[in-house]
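I opened the model today to look up a few things. My notes follow, in the order I took them.

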Amino acid sequence: MTEIGVRLTTLSPVLLAAAPPAQNLIETMESIPGNTIRGLFARKFVAEGGKPDCSEFKRLFLSADTRFTFGTINGAQVIPLSARSCKYEAGFLNDDPHGHGVLDLLQPDGGERRCPGPVCGQALDYLEGFWDPAASRREKIRKRLITRTAINAVLGTASTGRLYSQRVLEEGQSFHASVELPDDLAGSLRSLLAKPFVAGIGTGRSRGQGWVE
């Protein structure tokens with residue numbers, strides 16, 4: 001098996017809907033699903049003249065032999081569910097601003113239920129998100145809220161009572177993923193990804209959202 005690294009950089013706000021909207025707010029996922037990356041590369045393969053019924057396409061994109069991982073911010077790892085940190089000053093000691101440290105309840109010495117900060121001792125809470133194990137710090141994902149309104153198709157004006165918001169990934173962020181595939185297919189994928197290209201993912205591309213390189 002061969003592993004090929006992939007970097008996707010957001011060129012515009014990206015919305016990958018995490019779940020059905022809660023009232024009028026749609027939240028984005030904080031990582032790029034492997035199946036989204038699979039579909040992106042499959043479209044690229046067909047756009048360059050590949051046939052969707054050929055054996056190469058089926059082995060690259062339809063076979064369990066090829067695995068597309070999630071794309072995470074700067075290649076960070078997901079903080080495990082067993083991680084706990086201070087309820088009021090959460091985070092690793094290397095975070096900016098500094099947190100009070102992190103405990104893992106699965107570790108032999110992780111049974112402590114109070115903040116490990118030297119002068120804190122407050123209760124612990126879940127610590128969620130992504131972290132860089134090499135630097136022992138959290139990786140922050142930049143998001144922002146975009147508010148839109150539906151358009152009345154007859155009048156061409158804003159529809160009354162049809163205001164909604166989207167929390168999106170901001171542009172200028174890099175998400176790293178990898179593709180694990182049989183050795184004899186590695187050359188085909190490398191050829192497909194030999195040059196950077198721009199493609200759309202998620203929703204809202206008609207409004208300028210969802211573009212990545």
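Which backbone oxygen does the side chain of glutamine 173 reach at 3.0 Å? I found that of glutamate 170. I note that the model is predicted.

I then looked for other partners of this side chain. The backbone nitrogen of arginine 142 is reached by the side chain of glutamine 173 at 2.8 Å. I placed glutamine 173 in the loop between β12 (158–169) and β13 (174–181).

Is glutamine 173 buried or exposed? I have it as buried, because its relative accessibility is 2% and the cut-off for buried is under 20%. Setting aside neighbours within four places in sequence, I listed its contacts: Leu8, Thr9, Thr10, Ile73, Lys140, Ile141 and Arg142.

Next I went to helix α2, residues 55–62. Phe57, Leu60 and Phe61 are buried there. Viewed down the axis of α2, these buried residues fall within an arc of 75 degrees, so they line one face of the helix. I recalled that an α-helix has 3.6 residues a turn, so residues three or four places apart point the same way. Ser55 and Leu62, on the other side of α2, are exposed. I looked up what covers the buried residues of α2, and found that the cover includes α1 (34–47), β3 (67–68), β13 and α3 (186–192).

Last, I checked the cysteines. My search of the whole structure gave 0 disulfides. For cysteine 120, the nearest cysteine sulfur is that of cysteine 115, 3.6 Å away. Cysteine 120 counts as partly exposed at 24% relative accessibility. Cysteine 54 is also partly exposed, with a relative accessible area of 21%.

Methods
Residues numbered from 1 in each chain as written. Predicted model: local features only at pLDDT ≥ 70, side-chain atom pairs only at ≥ 80, totals over all residues. Heavy atoms only, no water. Helix = DSSP H or I, 4+ residues; strand = E, 2+ residues; numbered from the N terminus. Buried < 20%, exposed > 50% of the residue type's maximum accessible area, 1.4 Å probe, protein only. Polar contact = N/O pair within 3.5 Å; in protein donor to acceptor, adjacent residues only side chain to side chain. Contact = heavy atoms within 4.5 Å. Arc of directions from axis to C-beta. Disulfide = S-S within 2.5 Å.
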